[in-house]
Amino acid sequence: MSGKIIDGKAVSAALREQIKAQAQELAAKGIVPGLAVVIVGEDPASQVYVRNKEKACAEVGFYSEKYALPEQTTQQELLELVERLNQDPKIHGILVQLPLPKHLDEKGVIAAISPEKDVDAFHAVNVGKIMQGDYRFLPCTPAGIMELIHAAQVSVEGKECVVIGRSNIVGKPMAMLLLHENGTVTICHSRTRNLAEVTRRADILVAAVGKAKFVTKDMVKPGAVVIDVGMNRDENGKLCGDVDFEAVSQIADAITPVPGGVGPMTITMLLKNTLTAAQG
Ligand code: NAP
């Protein structure tokens, strides 16, 4: 292996220490950062994510409330809860765990969250602010990736950055954050022609595809920085990323592993957004 491993666990742990210290300072002024997490239905992966978010809140001294609603919850009931949380002064951040059951309108629910409490940064107001480069909240996964890039002391300025994936939660905001740091950004997706030709141009390559070991060594320029957002299962059921780590790490300058790369950063950035919201 030649590539430097970017250790998301270590970067995340250091950031959580800072967040904890800042939360203590706020608590001394009588403000305890509060996060409300809302989950509807029984999706097992979502249950795990929600449990981890509550645990992370407790670790840094935040107040948290969990609302576990039954699968058959109506749109009206969910909107009423969101409105109640919008008005609750103990709550600075509201997170509605996605995906919601099919009968519920996710867009309508996100639109109902007060933009000041939208710690996932999914509300159209916050998305617009990110476009303008004037924001308080950043979507957690791309924000965590930027922290990793900074921690690895990689400068984005003037670099060819290629993002594979154009989802609203990862690909699009990721491209925007790289652009704000003066990268020359290309976004690829399932209709991109000659994908490998494009990805081989990248000094910084971000893979957010959702396909196990999709990015192979021949798609990567030697010396590139490779960020793997994917969380997939390989043929043996083992957690793996979108990048063929074993082969690509031979030629990359720096690379994030899965697990232990981008994953640990996402909840940390949620904590950071909640702290920001509490700071007012
Ligand atoms: P998504 O909404 O499914 O988007 C996947 C993107 O990949 C789409 O834009 C799609 O293109 C593109 N794509 C699919 N096949 C492709 C191909 N053959 N060539 C080029 N592009 C292709 O997924 P997501 O929510 O962004 O998540 C991506 C991955 O990141 C998943 O594995 C997810 O589990 C993981 N993730 C991890 C974290 C974390 O905290 N670590 C957080 C969020 C997501 P089209 O738009 O054309 O369909």
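In which sense do strand E5 and strand E7 pair, and over how many bridges? Select residues 160-164 for E5 and residues 204-207 for E7, and you will find that these strands pair in the parallel sense over 4 bridges; two strands pair if DSSP finds at least two bridges between them, and strands are DSSP runs (E, at least two residues) numbered from the N terminus.

Before going on, keep in mind that this is a predicted model, in which local features need pLDDT of at least 70 and side-chain atom pairs count only at pLDDT 80 or more, while totals for chains, interfaces and linings use all residues. Residues are numbered from 1 along each chain as its sequence is written, and side-chain values use heavy atoms, with hydrogens and water left out.

Next, select isoleucine 164, which stands opposite alanine 207 in E7. Widen the view to the open sheet of 6 strands, where the order is E1-E11-E8-E7-E5-E6 and the pairing is parallel. Its edge strands, each pairing on one side only, are E1 (4-5) and E6 (184-188).

Now select the ligand, which 22 residues surround, counting a residue as near if one of its heavy atoms lies within 4 Å; the closest are Arg166, Ser167, Ser190, Lys211 and Thr266. Show the side chain of serine 190, where an N or O atom is 2.5 Å from an oxygen atom of the ligand, and then that of threonine 266, where the corresponding distance is 2.7 Å.

Finally, colour domain 1 (30-114) and domain 2 (139-263), whose bounds come from an automatic or database domain assignment, and note that their C-alpha centres lie 29 Å apart.

Terms used
A polar contact is a pair of N or O atoms within 3.5 Å; within protein, one must be able to donate a hydrogen and the other to accept it, and residues adjacent in sequence count only if both atoms are side-chain atoms.
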